[in-house]
Amino acid sequence: MPPDLPPNTTSGSERTLTEVEPAVTGTQSVFRALSILRAFTPQQPTLTGPEVAEKFGFSQPTAYRLLRALEAENFLVFDRGSRAYGPGPEILRLAGVLLHRDAFVVQTQSSLTRLRALTGETVAVYWRLGNKCTCTQELPSPHPQRVEAGIGVGFPLTRGPAGKAMLLDLDEAGVRALLAESDIPAPVGGVDALLAELEQGRNRGYLAGVDETIEGAVTIAAPIPWVQPGLAVYTVSAPESRFDPQTRETAARTLVEEMERLRAILRKQNPFTM
């Protein structure tokens, strides 16, 4: 427990704040706890109680109550030296459930290694988590100058080929319904441009272009064939200076061929799945 507020003790300031602020219970506490978990990023891997209070407008006693609850369930761990919290083992366990579903890691790791060897560029797997496109596996290019998103980094579905590739199975009504959601930013070029881009992507089996989420990068993205449509994609990314149109086309063809190879393997393993 953090030394600021030892367990089973209540400071005078906490008593005062508790009197004016109702206890955080029920659905409100769930949403507040989830907001805290979402606040951790590769750029901010730890948070202190005062930082959480300031970030979300909580009182410090409320921030610590939520942090302690998450710590008790192993979603967070507390470092006494830095007096800061970081993601805990329960998050890793849940990530393992997601990544090992349908033998996902086994299927993708060797495939990613093969794809990187064929293209010489950074390859990755992105999953749709809520309305975000999140990098869950990544093998960086061996080139000194390369593109890396970073595992755990998430982007809006309307930004970059990886996120947009998750929309390929939606019809126009589905795309417009998604864009109406409050946490989805509008497409940079407008709705009509996005719809045209998706239509072209359906015909080709992939999306490619300058990546709006990684400066100076070009990304090619294709849906993974053995998971639920719109749930996960493979990507090949490279610096724009090295990914000229011809090289891009070759890499795209390689990516599509790898997806077809995986589809054929899956059909042999279980002909009734696809």
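Reply: S111 is buried, with a relative accessible area of 0%. Here, buried means under 20% relative accessible area, exposed means over 50%, and partly exposed lies in between, computed with a 1.4 Å probe on protein chains only. The model is predicted, so local features need pLDDT of at least 70 and side-chain atom pairs count only at pLDDT 80 or more, while totals for chains, interfaces and linings use all residues. Residues are numbered from 1 along each chain as its sequence is written, and side-chain values use heavy atoms, leaving out hydrogens and water.

S111 belongs to helix α6 (residues 104–119); helices (H or I, at least four residues) and strands (E, at least two) are DSSP runs numbered from the N terminus. Leaving aside residues up to four places away in sequence, S111 touches Y234, E258, R261 and L262, where contact means heavy atoms within 4.5 Å. With Y234 there is also a polar contact, side chain to side chain, at 3.1 Å. Such a contact is a pair of N or O atoms within 3.5 Å; within protein, one must be able to donate a hydrogen and the other to accept it, and residues adjacent in sequence count only if both atoms are side-chain atoms.

Two cavities of 30 Å³ or more are counted. A cavity is a set of points, on a 1 Å grid over the protein atoms alone, where a 1.4 Å probe fits but cannot get out, and lining residues have an atom within 4 Å of a point. Points are joined across faces, edges and corners, and a volume is the space filled by probe spheres set on them.

The largest cavity holds about 60 Å³. Its lining includes Y126, F155, R159, D211 and S237, and helix α7 (residues 160–165) gives the most to it, four residues. The lining divides into five nonpolar, five polar and two charged residues. Ala, Val, Leu, Ile, Met, Phe, Trp, Tyr, Cys and Pro count as nonpolar, Asp, Glu, Lys and Arg as charged, and the others, Gly among them, as polar.

The second largest cavity holds about 30 Å³. Among the residues that line it are T122, A124, Y126, E138 and S237. Strands β3 (122–129) and β8 (232–239) are the elements that give two or more residues to this lining, with the largest share, three residues, coming from β3. Here the division is five nonpolar, three polar and one charged.

Note on methods
On a 1 Å grid over the protein atoms alone, a cavity is a set of points where a 1.4 Å probe fits but cannot get out, and a pocket is an open set with protein on both sides within 12 Å along at least five of seven lines; lining residues have an atom within 4 Å of a point.
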